[in-house]
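Here is a short note for a colleague who is opening this structure for the first time. Please keep the model in view while reading the points below.

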Amino acid sequence: MASLPSICRRHALTALGLALAALVAAACGGGRPGPADPAVQRGRAVFDRVCATCHGRDARGLPRLGKSLLGNQFTKSLSDDELVQFLKTGRPAFHELNETGVDMPPKGGDPSIPDDDLRAVVAFLRTL
């Protein structure tokens with residue numbers, strides 16, 4: 001049977017290891033949620049239902065519709081709150097930054113999408 005000091009030492013080392021692993025994960029992942037996060041999964045579901053129509057299920061974009069969102073510098077340049085606002089507003093075809101000539105309707109054309117779902121879509125986009 002292990003002595004109390006050796007048990008305490010093992011627990012302390014385990015706790016230290018878990019803390020270190022959490023720090024490394026936060027540093028490497030920027031503290032962003034991963035694909036298994038419930039918000040990301042909800043965002044993926046909303047994306048598939050609404051956004052994939054133009055951006056494709058793989059988010060690579062569809063010709064003459066939506067741009068690729070993989071490595072997209074515009075989405076990367078916005079904060080989460082700014083990106084939510086962009087999704088709420090959309091971008092008309094005549095906008096100077098619109099490169100497709102196709103409207104991006106507010107909320108992807110589904111005005112019933114709540115802000116929490118838009119935040120979940122942003123969480124999903126951050127995993128791309």
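1. A120 is buried, with a relative accessible area of 2%, where buried means under 20% relative accessible area with a 1.4 Å probe and protein chains only. This is a predicted model, in which local features need pLDDT of at least 70, side-chain atom pairs count only at pLDDT 80 or more, and totals for chains, interfaces and linings use all residues. Residues are numbered from 1 along each chain as its sequence is written, and side-chain values use heavy atoms, with hydrogens and water left out.

2. A120 lies in helix α5, residues 115-125, helices being DSSP runs of H or I with at least four residues, numbered from the N terminus. Leaving aside residues up to four places away in sequence, A120 touches A39, R42 and G43, a contact being heavy atoms within 4.5 Å. A120 and P38 are 82 residues apart in sequence, yet their C-alpha atoms are 8.7 Å apart in space.

3. The axes of helix α4 (residues 80-89) and α5 come within 9 Å and cross at roughly 120°, the axes being lines fitted to C-alpha atoms over the stretch in contact, with angles from 0 to 180 degrees between N-to-C directions. To this contact α4 brings D80, L83, V84, L87 and K88, while α5 brings D115, L118, R119, V121, V122 and L125.

4. As for the whole protein, there are five helices and zero strands, and buried residues make up 27% of its 128 residues.

Technical notes
Helices (H or I, at least four residues) and strands (E, at least two) are DSSP runs, numbered from the N terminus. Buried means under 20% relative accessible area, exposed over 50%, partly exposed in between (1.4 Å probe, protein chains only).
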